[in-house]
Amino acid sequence: LVQAAFFGMPPDESLNRWVVSIADSPLAIKLQAVGLLKQSLPRKLEVFLDEYIRLRTDVKEGTRKHMVSSKNRILGFFSSEMVLSDVNRGGAEAFKIHLLGKFSSATSGRTLKAAIQFFEYAKDCKLILENPFKRLKIPRQTNEANRYFVDRETAQKILGAQTSIHK
């Protein structure tokens with residue numbers, strides 16, 4: 001760490017793995033205090049998700065509401081006190097199974113896409129080494145229960161009723 005800080009270089013991969021593993025520990029806080037580790041976004045899952053959503057001033061209100069809903073589903077499964085780097089592929093797969101057992105395929109898919117987005121940002125910020133959600137197969141986002149075939153006769157009745165309303 002001293003050498004990396006002195007030369008202004010990022011730590012190598014093995015050192016970076018160790019740095020990620022000590023996230024939010026008293027040692028990490030001490031290393032940050034003396035300038036050997038950069039201050040970064042919070043690493044507790046709930047705090048990170050809140051901070052990410054707060055940073056996204058570029059999105060519309062509907063997107064923000066979806067992010068908050070996805071965050072709540074993630075925190076409903078994982079502990080809010082969980083360290084971001086403790087979410088692994090097994091946990092991501094278990095979360096997917098949990099979602100599919102509780103929500104529609106469409107809601108599950110949208111939530112998993114949001115999780116991928118959240119964790120990809122954490123990876124880009126070097127808070128985690130890999131995105132545990134990246135390789136998940138996302139369920140279809142269509143809800144088959146909402147599909148209904150409208151036959152010609154019914155369609156004509158609907159169109160006829162609509163035409164009479166507009167006269």
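**View 1. Thr-111 in helix H7.** Thr-111 is found in helix H7, where helices (H or I, at least four residues) are DSSP runs numbered from the N terminus. The model is predicted, so that local features need pLDDT of at least 70 and side-chain atom pairs count only at pLDDT 80 or more, whereas totals for chains, interfaces and linings use all residues. Residues are numbered from 1 along each chain as its sequence is written, and side-chain values use heavy atoms, with hydrogens and water left out. Thr-111 is buried, with a relative accessible area of 0%; buried means under 20% relative accessible area, with a 1.4 Å probe and protein chains only. Leaving aside neighbours within four places in sequence, Thr-111 is in contact with His-66, Ser-70, Arg-73, Phe-95 and Leu-99, contact meaning heavy atoms within 4.5 Å.

**View 2. Helix H7 and what covers it.** Helix H7 has 20 residues and reaches 28 Å from its first C-alpha to its last, close to the 28 Å expected at 1.5 Å a residue, the expected span being 1.5 Å times one less than the number of residues. The buried residues of H7 include Ala-106, Gly-109, Thr-111, Leu-112, Ile-116 and Phe-119, and what covers the buried residues of this helix includes H4, H5 and helix H6 (89-102). Just after H7, Lys-126 takes a positive phi of about 60°.

**View 3. Helix H5 against helix H7.** Helix H5 (residues 61-77) and helix H7 (residues 105-124) pack at an angle of about 90°, with their axes 9 Å apart; axes are lines fitted to C-alpha atoms, for helices over the stretch in contact, and angles run from 0 to 180 degrees between N-to-C directions. That makes H5 roughly perpendicular to H7, a term that covers angles of 65 to 115 degrees. On the H5 side His-66, Met-67, Ser-70, Lys-71, Arg-73 and Ile-74 take part, and they meet Thr-107, Arg-110, Thr-111, Ala-114, Ala-115, Gln-117 and Phe-118 in H7. By class, this contact of H5 with H7 has five nonpolar, five polar and three charged residues, with Ala, Val, Leu, Ile, Met, Phe, Trp, Tyr, Cys and Pro counted as nonpolar, Asp, Glu, Lys and Arg as charged, and the others, Gly among them, as polar.

**View 4. Helix H4 against helix H7.** Helix H4 (residues 45-55) and H7 pack at an angle of about 95°, with their axes 11 Å apart, and that makes H4 roughly perpendicular to H7. Leu-45, Phe-48, Leu-49, Tyr-52, Ile-53 and Leu-55 in H4 meet Gln-117, Phe-118, Phe-119, Tyr-121 and Ala-122 in H7. The contact of H4 with H7 has 10 nonpolar, one polar and no charged residues.

**View 5. The largest nonpolar core.** Of the 26 residues in the largest nonpolar core, Leu-45, Phe-48, Ile-74, Leu-84, Phe-118, Phe-119 and Phe-133 touch the most other members; such a core is a set of buried Ala, Val, Leu, Ile, Met, Phe, Trp, Tyr and Cys residues joined through side-chain atoms within 4.5 Å. H4, H5, H6 and H7 each supply at least two residues of this core, and H7 gives the most, with seven residues. Not counting residues up to four places away in sequence, Phe-118 touches Phe-48, Leu-49, Tyr-52, Ile-53, Met-67, Ser-70, Lys-71 and Ile-74.

Note on methods
Parallel < 35°, antiparallel > 145°, perpendicular 65-115°, else oblique. Buried < 20%, exposed > 50% of the residue type's maximum accessible area, 1.4 Å probe, protein only.
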